Amino acid sequence: MSRRLSREIAIQSLYQQDVHPEADLQMIRELEKKVQGEDLDFYRFLVQGVKEHHPQIDPILERYVKEGWKLSRLSAVDRAVLRVATLELLYQPETPSGAVLNEAVELSKAFSGMETSRFINGILGKLAKNLDQLREEIQ
């Protein structure tokens with residue numbers, strides 16, 4: 001198992017919650033079964049962290065999407081990828097930002113395709129340049 005799998009399953013869980021909020025807990029439990037050991041803690045950090053810090057994460061992401069766009073305009077899977085990566089960038093500074101961006105881009109390619117991965121990379125790249133300021137804002 002790896003952190004990459006934890007991120008992948010977390011994105012799937014958050015996607016399911018976004019698309020089917022009424023089935024929230026059942027879907028999380030089913031997907032959670034795919035993650036074991038230390039990776040389970042990381043998976044839970046991602047899913048619970050996005051839920052807990054949603055009020056801080058989404059307004060930050062709104063700053064970096066294309067002008068005139070809203071986060072709600074993006075697909076549910078793209079929102080999940082962005083939220084997971086943003087959570088890691090903001091709340092897990094021990095993980096190198098380059099690793100977080102790379103994982104987000106690769107997962108975006110797998111779930112959404114090449115064009116979307118460039119879009120995700122652009123948003124997260126701009127966000128990563130302002131990490132110190134953003135971390136201060138959320139304190």
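# Cavity, buried residues and core

User: How many cavities of 30 Å³ or more does a search of the whole structure find?

Analyst: The search finds one cavity of 30 Å³ or more, where a cavity is a set of points, on a 1 Å grid over the protein atoms alone, at which a 1.4 Å probe fits but cannot get out. This is a predicted model, in which local features need pLDDT of at least 70 and side-chain atom pairs count only at pLDDT 80 or more, while totals for chains, interfaces and linings use all residues. Residues are numbered from 1 along each chain as its sequence is written, and side-chain values use heavy atoms, with hydrogens and water left out.

User: What makes a residue part of the lining of the largest cavity, and which residues line it?

Analyst: A lining residue has an atom within 4 Å of a cavity point, and the residues that line the largest cavity are R7, I11, V81, V84, A85, E88, V100, E103, A104 and L107. They divide into seven nonpolar, no polar and three charged, with Ala, Val, Leu, Ile, Met, Phe, Trp, Tyr, Cys and Pro counted as nonpolar, Asp, Glu, Lys and Arg as charged, and the others, Gly among them, as polar. About 40 Å³ of space lies in this cavity, a volume being the space filled by probe spheres set on the grid points, which are joined across faces, edges and corners.

User: Why does R79 count as buried?

Analyst: R79 has 12% relative accessibility, and it is therefore buried, since that term means under 20% relative accessible area with a 1.4 Å probe and protein chains only. R79 is placed in helix 4, a helix being a DSSP run of H or I with at least four residues, numbered from the N terminus.

User: How do you know that the side chains of R79 and D18 make a polar contact?

Analyst: The two side chains are joined at 2.6 Å, and a polar contact requires a pair of N or O atoms within 3.5 Å, one able to donate a hydrogen and the other to accept it, while residues adjacent in sequence count only if both atoms are side-chain atoms. A polar atom of the R79 side chain also lies 2.4 Å from the backbone oxygen of L74.

User: Why does D39 count as buried?

Analyst: D39, found in helix 3 (residues 38-64), is at 13% relative accessibility and so counts as buried.

User: Which residues touch the most other members of the largest nonpolar core?

Analyst: Of its 41 residues, these are Y43, L82, L124 and L127. Helix 3 gives the most to this core, with ten residues. Such a core consists of buried Ala, Val, Leu, Ile, Met, Phe, Trp, Tyr and Cys residues joined through side-chain atoms within 4.5 Å.

Notes
1 Å grid on protein atoms, 1.4 Å probe; cavity = no way out; pocket = protein on both sides within 12 Å on 5 of 7 lines; lining within 4 Å. Helix = DSSP H or I, 4+ residues; strand = E, 2+ residues; numbered from the N terminus. Buried < 20%, exposed > 50% of the residue type's maximum accessible area, 1.4 Å probe, protein only.
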